[in-house]
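Here is a short note to read beside the model. Please keep the structure open and follow the points in order.

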Amino acid sequence: MHREHFPIPRTFQETVTGVHGEKGLQWLSRLSELLVHCIERWALELEKPFPGLSFNLVFPGKTNGGREIVMKLGVPCRELLTEIAALEVFAGKGSVRLLSFDRAKGVLLLERVGPGHSLKTIAHDAEATEIAAKTMKHLFRPTPLAHPFPSLEDWHQAFSRLRMKFNQGTGPFSPELIETAEKLFGELHSESISKVLLHGDLHHGNLLFSQTHGWVSIDPKGVVGEPGYEVGAFMRNRISLSDSEQEISTILNTRLDIFSDVLGIDLNRLAMWTVYHAVLSALWSWEDSMNYSEGIRLAEVMRRTFRI
């Protein structure tokens with residue numbers, strides 16, 4: 001089996017080298033050999049990789065016994081390793097099942113979810129939100145005693161990096177927005193709330209429907225923190241800034257009411273986490289040289305909606 005059988009998009013190669021540098025170049029140079037190794041090790045028949053690849057290669061395929069699988073390959077890094085660890089902890093309950101893996105080579109063999117349509121296909125927003133909330137509740141796990149997962153405190157260091165880069169200033173972000181997020185985290189973090197293992201990126205695209213297991217999550221980040229943080233990624237997703245602020249506010253408030261009811265978490269606390277997450281996400285986009293302006297606009301709309 002040769003790499004030519006699976007043309008690797010140039011944009012994917014550029015992303016890998018842009019993110020991982022020399023390590024990414026070396027990984028790409030050995031990709032043909034890695035594919036052959038995986039096919040032989042697990043007796044796989046692979047199809048062309050899924051479109052829209054970003055940081056990892058993802059192939060649908062089958063074992064020689066006919067079991068449908070998905071194989072995911074990426075440069076071995078902390079995020080990929082914590083994904084493996086999170087899937088081990090979730091153990092197929094509320095998440096896709098991890099069948100096998102190779103940490104050193106950055107390979108995951110996953111159960112293929114069928115029919116596999118995502119939560120994006122659910123047109124009614126309230127219905128989609130309730131599905132997400134119930135899946136979140138099912139996923140929350142006690143933090144293992146020994147684990148490789150980052151904490152929300154680790155993720156919050158993005159604000160410190162921003163301050164250091166701009167001599168305690170806020171660079172392209174408004175001081176008020178950054179100070180609000182920092183204050184929110186300080187207030188939320190100061191209270192003694194039970195910490196659990198979170199998915200870390202549970203939005204519409206990371207929830208798939210399984211004919212046998214119902215709705216399951218994919219692509220967990222794996223982070224330890226308060227359950228309320230988990231709503232943030234979903235709250236930001238599928239919001240059109242071309243809609244009126246009143247329309248956006250109605251969607252946001254309806255979603256938050258559902259999350260609060262299903263998860264049993266105070267509404268105001270969820271609102272605080274939502275605004276904090278929106279600012280953090282915009283900051284991450286800026287760090288990754290991506291468009292962050294829409295993230296800032298959405299964070300501001302959320303602040304006004306929840307009066308924070």
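1. Which residue is the bridge partner of Leu207 in β10? The partner is Ser217. Strand β9 covers residues 207-210, and four bridges join β9 to β10. The two strands run antiparallel. Strands here are DSSP runs (E, at least two residues), while helices are runs of H or I with at least four residues, and both are numbered from the N terminus. Two strands pair if DSSP finds at least two bridges between them.

2. A word on the source. This is a predicted model, in which local features need pLDDT of at least 70, side-chain atom pairs count only at pLDDT 80 or more, and totals for chains, interfaces and linings use all residues. Residues are numbered from 1 along each chain as its sequence is written, and side-chain values use heavy atoms, with hydrogens and water left out.

3. Now place that pair in its sheet. Three strands form an open sheet in the order β6-β9-β10, with antiparallel pairing. The edge strands are β6 (115-118) and β10 (214-217), and each pairs on one side only. Neighbouring strands of this sheet are turned by 35° against each other on average, direction ignored. Axes are lines fitted to C-alpha atoms, for helices over the stretch in contact, and angles run from 0 to 180 degrees between N-to-C directions.

4. Another open sheet has five strands, in the order β1-β2-β3-β5-β4, with antiparallel pairing. β1 (44-46) and β4 (98-102) stand at the edges with a single partner strand each, so one side of each has no neighbour in the sheet. Neighbouring strands of this sheet are turned by 30° on average, direction ignored.

5. Look inside this sheet. Strand β3 (residues 68-73) and strand β5 (residues 107-111) run antiparallel, joined by five bridges. Ile69 has Glu111 in β5 as its bridge partner. Helix α2 (residues 31-42) packs on the sheet and touches β1, β2 (57-63), β3, β4 and β5. Contact means heavy atoms within 4.5 Å. The direction of α2 makes about 135° with that of β4. Helix α3 (residues 78-90) also packs on the sheet, touching β3, β4 and β5. The direction of α3 makes about 35° with that of β5.

6. Last, the lining of the largest cavity. By class, this lining has four nonpolar, one polar and four charged residues. Ala, Val, Leu, Ile, Met, Phe, Trp, Tyr, Cys and Pro count as nonpolar, Asp, Glu, Lys and Arg as charged, and the others, Gly among them, as polar. α7 gives the most, with three residues. A cavity is a set of points on a 1 Å grid over the protein atoms alone where a 1.4 Å probe fits but cannot get out, and lining residues have an atom within 4 Å of a point.
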